[in-house]
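Biologist: I would like to learn how to read charged and covered places in a protein model, so could we go through a case together?

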Amino acid sequence: MNDKLRPDGKIEVFEALSELALDMRWSWNHAADEIWIKLDEDLWHLTHNPWCVLQTVSHDKIEALDADPEFRSQVDTLFKLKQHEMERECWFQQMKYPSGVSGIAYFSMEFMLSEALPIYSGGLGNVAGDQLKAASDLGVPVTGIGLLYQQGYFRQVIDKDGRQQAIFPYNDPGQMPVTPMRWPNGEWLRIKLNLPGVAIWLRVWKVRVGRVTLYLLDSNDVANYPPYRGITSELYGGDDYLRLMQEIVLGIGGWRLIEALELKPEVCHLNEGHAAFAALERARSYKEEAGLSFESALTVTRAGNLFTTHTAVDAGFDHFSPNLVRQCLIDYAEIELGLSFEKFLGLGRCKGSDDQEYFNMAYLAMHTCGAVNAVSRLHGEVSRRLFEPLFPRWPREEIPVGHVTNGVHMPSWDSAQADELWTTYCGKDRWLGGVETHERDIRQIPDEILWQFRTESRKLLIEYVRKRLYRQFAVLGQSHEGVEISKQLLDPDILTVGFARRFAVYKRPNLLLNDPDRLLRLLNHPTRPMQLIVAGKAHPADQEAQSLVQQWIEFIHRPEARRRVVFLEDCDMLMTEHLVQGADVWLNTPRRPWEASGTSGMKALVNGGINLSELDGWWAEAFAPELGWALGDGREYGNDPVQDGIEATALYNLLESQVIPEFYSHNEAGISLAWVARMRESMARLTPLFSTNRSVCEYVEKYYLPLAASYHEREKDGAALGNEIQKWSQNIIEKWSALRFGETCIQTDGTDHVIEVEANLENLDLGHVVVELYAEGTGRALPTRVRMELVRKLSAAANIYTYRARVPAQRPAEDYTARIIPCFRGVKVPLERPDILWQK
């Protein structure tokens with residue numbers, strides 16, 4: 001750093017500005033915004049990209065501003081604050097956990113950090129980006145691993161006929177807040193993968209996210225075979241071959257990057273199954289390091305792996321044909337892992353004996369991780385159903401999938417007005433640790449302040465929408481009058497409903513169009529009108545979803561709708577920020593249970609927006625009548641158009657009889673007290689609960705710490721426990737089929753049933769299995785599991801034993817069934833050994 005200092009001891013201005021611009025903390029801390037505005041106000045408002053501003057502005061202008069004492073003072077202050085922030089002791093360090101975690105490697109196909117780094121599509125990237133930001137705020141030692149796409153996700157244009165057009169601008173790394181990852185000698189860090197026929201080189205880029213670093217792999221290296229240069233060309237584009245190659249780069253290349261950096265994370269967190277090859281590469285690396293078999297190495301390393309599934313339907317898992325997997329990975333399987341190709345395929349299959357079964361990346365993650373979680377409580381139930389085939393004969397309730405409901409990084413989504421309000425009542429550091437007092441503090445905000453806050457937020461949204469439409473209409477080539485009308489669309493004083501989602505059929509973005517005439521009556525009510533702001537992209541290959549976009553455009557072109565409904569093209573992170581900050585009501589209409597979590601409605605919470613949503617994903621556990629409004633009855637109807645019609649009618653009824661009247665029920669001061677009360681409760685109770693402060697802390701305590709402890713336990717003493725577990729597991733596989741139940745004896749002595757069963761354990765050690773009684777749950781009661789006690793050995797020659805248990809006689813004895821399951825120290829059953837034997 002000394003070589004970057006001036007004679008007066010201050011850092012050179014360009015170096016200071018570079019440090020600030022390349023730390024993406026600016027995406028949620030806006031203290032430096034004024035600096036970038038002074039450098040180039042127009043470019044800043046167009047891009048919200050400090051690094052692009054700094055790369056574009058002349059050195060003459062920078063030097064002139066540096067001569068301004070006020071500007072220089074601002075830069076110095078911001079630079080010192082950045083240094084202080086990096087040195088601050090955070091929540092994670094303050095907790096002083098006895099068995100801490102020194103590192104978590106977080107793998108994801110996409111990260112949504114800012115529109116300045118367009119390597120995201122939607123929800124998956126949103127969760128990944130927000131968790132990195134929260135990890136920075138809380139001091140959790142996370143390292144992100146992703147891909148730097150040459151085009152990223154597509155950009156949307158709506159043509160004159162209302163059809164979506166997909167365009168793919170080139171992502172210029174020189175204008176994005178990324179830098180080449182270089183060794184001290186200046187050499188660019190490149191990772192080598194041996195793929196069929198030729199090696200591939202992956203360039204490594206570095207992104208600073210506060211305390212956290214995100215590393216991005218890029219195949220566009222001139223040394224690569226030309227087709228391989230395009231592996232990281234496009235997010236969620238191309239065919240199965242391109243997708244498989246991207247996942248190889250992310251997983252195998254990503255873990256090799258971890259090793260090249262000499263990082264030693266105890267926990268490997270796979271954000272979806274896309275990254276599951278990382279678990280294989282981690283085991284391969286440990287195999288080489290410890291001199292173990294692949295099976296023993298995987299037994300050790302899987303203890304530190306976490307798989308987060310975001311998928312609500314089986315079709316959402318990535319599946320690859322055996323021939324394609326063979327083409328890309330046979331050498332890796334047989335030479336580097338030391339597995340037969342059939343055994344390798346079995347890691348990604350449900351039934352290893354089916355030669356035609358596709359290789360499933362989610363199954364691979366299940367077979368190589370020590371814990372699995374869904375992203376909402378309801379999604380946990382859905383996921384247990386999806387993964388049931390991997391655990392035959394196990395009750396669904398015991399399928400090993402937990403849940404951590406998603407949260408959003410509130411500082412990334414709150415408006416300047418919301419930030420000021422929350423700072424006044426909850427303090428400046430409210431999102432840097434616990435959130436226990438926020439509910440109490442927000443309840444202190446007076447009615448008139450909340451109402452004024454909401455009114456001002458709506459007006460700012462309408463200003464943004466009009467500016468956006470002005471540009472949208474001008475680019476479309478509309479007449480001068482047609483462009484100018486954008487300045488008159490929408491009304492800053494009426495109820496505003498926002499809907500910004502990825503357009504997909506299951507999300508039912510056109511539910512409000514079920515009865516267009518009724519919708520028009522709601523929009524144009526003479527005294528209680530409402531207005532709609534709609535945005536969203538349909539995947540370029542999804543023609544049905546694209547037709548839903550076109551239906552909205554056609555509806556908006558009706559004269560009665562034109563001033564009350566708008567569709568904003570090319571929804572990105574910046575647009576979403578404006579929408580969630582200004583909408584009075586946030587609408588979400590998926591078919592239950594196909595929304596794994598959903599996060600857009602969470603972003604509205606901190607800004608005082610109220611949710612009206614299907615009882616799906618996060619809203620299924622968040623909803624209470626005083627907090628918002630719910631669609632649906634909590635049941636599943638699948639792809640039923642009749643139910644869609646029923647729920648569309650219910651949505652119109654809700655708007656007509658509850659939402660709209662409540663908004664316009666003003667007192668003498670012009671305030672809707674009922675609306676403000678609902679808004680306050682939503683902000684106070686739900687914002688802390690659905691923040692990344694809660695979700696990241698939950699990941700730390702529920703998964704990261706236990707997984708790290710389990711990994712350390714298995715790898716210590718030369719992987720002694722890991723080797724023992726592998727031998728035990730192999731023994732179970734070989735001998736399980738010989739286990740048998742014998743006779744059963746049941747006696748009832750008043751209040752209890754005493755149940756005895758005979759179990760033939762053949763040659764298995766007594767300590768390697770558990771005999772239990774199991775009874776299914778009734779009503780809302782959970783299933784009952786009772787461990788049976790060993791009473792006696794029946795024969796000196798045979799391995800036959802009697803087990804006994806006492807259970808309450810409140811239920812018939814026939815409700816209880818004996819079962820044998822594997823058991824060993826530290827092993828998670830059934831995730832690691834799915835064997836189970838039931839008494840017939």
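Biologist: Where is the place of Asp354?

Modeller: Asp354 is in the loop between helix H13 (341–346) and strand E12 (359–360), where helices (H or I, at least four residues) and strands (E, at least two) are DSSP runs numbered from the N terminus. This is a predicted model, in which local features need pLDDT of at least 70 and side-chain atom pairs count only at pLDDT 80 or more, while totals for chains, interfaces and linings use all residues. Residues are numbered from 1 along each chain as its sequence is written, and side-chain values use heavy atoms, with hydrogens and water left out.

Biologist: Which helix is mostly covered?

Modeller: That is helix H15 (residues 377–386), where seven of the ten residues are buried, among them Leu378, Val382 and Leu386. The buried residues of H15 pack against helix H14 (361–368), strand E13 (371–374), strand E14 (402–403) and helix H25 (619–622), where contact means heavy atoms within 4.5 Å.

Biologist: How many salt bridges are there?

Modeller: In general, side chains of opposite charge can pair when their charged atoms come close. A salt bridge is a side-chain nitrogen of Lys or Arg within 4 Å of a carboxyl oxygen of Asp or Glu, and by this rule the count comes to 60.

Biologist: Which parts of the chain does the pair of Asp644 and Arg508 link?

Modeller: The side chains of Asp644 and Arg508 meet in a salt bridge at 2.8 Å, N to O. This pair links distant parts of the chain, with Asp644 in helix H26 (residues 641–664) and Arg508 in the loop between strand E15 (495–500) and helix H21 (516–523), 136 residues apart. Asp644 is buried, with a relative accessible area of 12%, and Arg508 is buried as well, at 6%.

Biologist: What do Glu832 and Arg714 form?

Modeller: Glu832 and Arg714 form a salt bridge, with their closest N and O atoms 2.8 Å apart. Glu832 is in the loop between strand E27 (817–822) and strand E28 (837–838), whereas Arg714 is in helix H28 (residues 692–735), 118 residues apart. Both Glu832 and Arg714 are buried.

Definitions and conventions. Buried < 20%, exposed > 50% of the residue type's maximum accessible area, 1.4 Å probe, protein only.
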